[in-house]
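Here is a briefing on one protein model. Please look over the sequence and the structure before reading on.

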Amino acid sequence: MTTELVTNIGELTTQNDDRNRLHNAALVIGDGRVLWIGLAAEAPAADTKTDAGGRAALPGWVDTHSHVVFAGDRSAEFEARMAGQAYAAGGINVTVEATRAATEEQLAATAQGLRDEAEAQGTTFLETKTGYGLDLASEVRSARAAASVADVVTYLGAHIVPAGVDRRDYLDLVTGPMLEAVRPYVHFIDAFCEAGAFDVEETREVLLAGRAAGLGLRVHGNQLGFSGGVRLATELGCLSVDHCNHLEPADVDALAGCGTVATLLPACDLSTRQPFPPARRLLDAGASIALASNCNPGSSYTTSMPFCVATAVLQMGLTLDEAVWAATRGAAKAVGREHGADAVGSLHVGGLADLQLLNAP
């Protein structure tokens, strides 16, 4: 095993349970894992040495909500929103048509390009979803493409009911043959619980079918209104409920009283001109939050987690420490990777050496 000493780190943020921060620090890595952490003056010898030049180091960003498997373009939709048209779930059909016409190789190439862009900005763990195929063959193609690019894949056959398809027939497909076909490639199941997509009972049906198939549960909820998705997610013990723009006091209380993470998507909220989620209220109540990019062709045109962190601080009332935690260790909880040998979002001896250096002290 070849070891590497990364030294002369101005400030090292580990995001361990005590949110530990070291100055004038160093770490030794080997075989992709952290072997030692401490003060630079006390660092052991290693086979190679990297001088961080006084820069800051912290865990790589953990982006737990993206839609990078798609084809086509929806810039006209963005232009219409900026001219005053309201965002609605149905615009997804434009991407569905283009995605169905694309080859698996084209889908994987687009997704890989976005992954590369994200990594250049410090993202070391990426979740992505299906959900722009919405027929059996296209969803399987999307799931395989996603699995070739992302660290974990979420099955989102229940994104919307595609145009021209009977609603009951489509739910039977999503919870039956389509679920069975994508199962080898995915880790989670999700549903868009929202007006124009699926109601609470339809979402429940989808999630329970996924649970029976051994998948973890996630929900798109309360983005466009009080959809009931948040309450359902907490009831079923979902790992996360994502968006959370519109929350009643009872929703906040439910999130504070369970392990479901509220994953907030600030870049999407800017693009769709939705009200920002009440992040400050959630944290003050004791809820767990994560930040993610929601990179997609219709409502969030960015892979940049630094942009999302900055927006959460500037627009959502988070401190810098809270926002960075939500984009690293807090996000790890949203995909069940907060603890254990393959934990992400933190740096500790024996753990993954997923770190980034910032060109800042």
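Just after helix α8, G237 takes a positive phi of about 70°. Helices (H or I, at least four residues) and strands (E, at least two) are DSSP runs, numbered from the N terminus. The model is predicted: local features need pLDDT of at least 70, side-chain atom pairs count only at pLDDT 80 or more, and totals for chains, interfaces and linings use all residues. Residues are numbered from 1 along each chain as its sequence is written, and side-chain values use heavy atoms, with hydrogens and water left out.

**Helix α8**

- Helix α8 spans residues 229–236 and is mostly covered, with six of its eight residues buried. Buried means under 20% relative accessible area, exposed over 50%, and partly exposed in between (1.4 Å probe, protein chains only).
- The buried residues of α8 are G229, V230, L232, A233, T234 and L236.
- Their cover includes the strands β9 (188–193), β10 (216–221) and β11 (240–243). Helices α7 (200–212) and α9 (249–256) are also among the covering elements. Contact here means heavy atoms within 4.5 Å.

- The chain divides into domain 1 (3–59 + 346–357) and domain 2 (61–335). These bounds come from an automatic or database domain assignment.
- The C-alpha centres of the two domains lie 32 Å apart. Domain 1 gives 11 residues to the contact, and domain 2 gives nine.
- The size of an interface is often given as the accessible area lost when the parts come together. Domain 1 and domain 2 bury about 910 Å² between them, 47% of it on carbon and sulfur atoms. Buried area is the accessible area (1.4 Å probe) that two parts lose on being put together, summed over both.
- Three residue pairs, both residues at pLDDT 80 or more, are in polar contact between the domains. A polar contact is a pair of N or O atoms within 3.5 Å; within protein, one must be able to donate a hydrogen and the other to accept it, and residues adjacent in sequence count only if both atoms are side-chain atoms.
- On the side of domain 1 that touches domain 2, β5 (56–59) and β14 (355–358) are the elements that give two or more residues.

**Salt bridges**

- The whole structure holds 21 salt bridges. A salt bridge is a side-chain nitrogen of Lys or Arg within 4 Å of a carboxyl oxygen of Asp or Glu.
- One salt bridge crosses the interface of domain 1 and domain 2.
- R21 pairs with D321, the closest N and O atoms being 2.7 Å apart. R21 lies in strand β2 and D321 in helix α13 (residues 320–326), so the pair ties together parts that are 300 residues apart in sequence.
- R21 is partly exposed at 38% relative accessibility. D321 is partly exposed too, at 43%.
- R21 also meets E11 in a salt bridge (3.8 Å, N to O). E11 sits in strand β1, 10 residues from R21.
- D284 and R280 form a salt bridge at 3.2 Å. Both lie in helix α11 (residues 279–285), four residues apart, about one turn of the helix.
- D284 is exposed at 58%, whereas R280 is partly exposed at 27%.
- A network of salt bridges links E127, K129, D190, R218 and D242.

**Q15**

- Q15 is in the loop between β1 (3–13) and β2 (21–30). Its relative accessibility is 4%, so Q15 counts as buried.
- Leaving aside neighbours within four places in sequence, the contacts of Q15 include N20, P59, V324, W325 and R329.
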